[in-house]
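Please keep the viewer open as you read the points below.

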Amino acid sequence: MSYEIPVKSFKSEIRGINFDSINYQSSNSLAFLKSENGITKSLLALEILFNIPKNYSPVLKNYWGEIINNMLEWFKAAQELPCDIIGLKFNITEEKEIDKAVETLKDICKIANKPLLITGSNKKDLDGLLLPRLAEIPSKPCIIGIAEEETYKSITKIVSKKGHYIIARTPIDINLAKELNILLTEENVSPDKILIDTNMAALGYGLDYGYSIMERVKLAGLDGDEMLNMPIIAFVGEEEWKAKEARVADFDENYGVFDERALAWESSTATAIMLAGANILVIWHPDVIKELKSFMEEE
């Protein structure tokens, strides 16, 4: 007997991503459905930090060494790795750090040869001051974030002026995601320049909520909702390395070798999110980048 794989057609496409050297095609299907021409690859961003948090995993510290204490040197090393985008997280804790963050980004932009993803502190009061200044610096379009309901107005004007993409983050709710996208377009941000961040969780910490909301957003966008057919970005590293399994070695032997377990936690989280349709994955460990690229290249 012959069997013909059923092919579903949708009303609309998920928008593409085009900035700097990135030319990521639009898609008219869910991820990895090759019979429907679904995209089988995600863009991979390697994220480095301005400040190292107290709970930063020893696995990451051991990989990078002392360069994590100098963002410019860290950036130089990150550029040599096989990622599509470099993420710069300016996780400042005080307003007095803004000037140093600005100067650091200026130095980075002088030597950058990969597309940049620039995010702030995730502290609403600080980011309202920090992000407009950071967004002004790059001479080429970048990705800027995070825009939330309380902060988006502070960065929409400069983002539109410079041609940047903007990350719209809402807390795992399809209606809130759509509402924020509408608010951004009312501030003259082009729908083609919006990346949806539905927020997510790590493996074992509510990951099913994270990928199920992404699937709902994708299906709504493909079904014709023009306020939900934007690409999705997922900050895997930011969430995954909070998990105690990736930070703490004090587990029973049946949890496996600590270093291997930590990487498996990020890889497993990222793979699930990739299959759910995330177009950009923001990763913290370089070996996970390599593993995900190998996964995507398999037929």
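1. Which residues of the largest nonpolar core touch the most other members? They are Leu88, Phe90, Ile118, Met214 and Leu281, in a core of 78 residues. Such a core is a set of buried Ala, Val, Leu, Ile, Met, Phe, Trp, Tyr and Cys residues joined through side-chain atoms within 4.5 Å. Buried means under 20% relative accessible area, exposed over 50% and partly exposed in between, with a 1.4 Å probe and protein chains only. Helix α10 (residues 258-276) gives the most to this core, namely seven residues. Helices (H or I, at least four residues) and strands (E, at least two) are DSSP runs numbered from the N terminus.

2. Before going further, please note that this is a predicted model, where local features need pLDDT of at least 70, side-chain atom pairs count only at pLDDT 80 or more, and totals for chains, interfaces and linings use all residues. Residues are numbered from 1 along each chain as its sequence is written, and side-chain values use heavy atoms, without hydrogens and water.

3. Take Leu88 as a place to start. Setting aside neighbours within four places in sequence, Leu88 is in contact (heavy atoms within 4.5 Å) with residues including Ile48, Met71, Phe75, Leu105 and Ile118. A second, separate core has 18 residues, among them Ile39, Leu117, Tyr165 and Phe235.

4. Now the rings. Rings of Phe, Tyr and Trp (its six-membered ring) pair if their centres lie within 6.5 Å; planes under 30 degrees apart count as stacked, over 60 as edge-to-face and the rest as tilted. The count comes to six aromatic pairs. Phe50 and Phe90 make a tilted one, 5.7 Å centre to centre with 40° between the planes. Phe50 lies in the loop between β3 (43-49) and α1 (58-64) and Phe90 in the loop between β4 (85-89) and α3 (98-111), so this pair ties together parts 40 residues apart in sequence. Phe50 is buried at 12% relative accessibility, and Phe90 is buried at 0%. Elsewhere, Tyr63, Trp64 and Trp74 form one aromatic cluster.

5. Last, have a look at helix α6 (residues 174-186). Its 13 residues reach 19 Å from first C-alpha to last, close to the 18 Å expected at 1.5 Å a residue, where the expected span is 1.5 Å times one less than the number of residues. The buried residues of α6 include Ile174, Leu180 and Asn181. The buried residues of α6 pack against β6 (143-147), α5 (156-162), β7 (165-169), β8 (194-197) and α7 (207-222). After α6 comes Asn188, with a positive phi near 70°.
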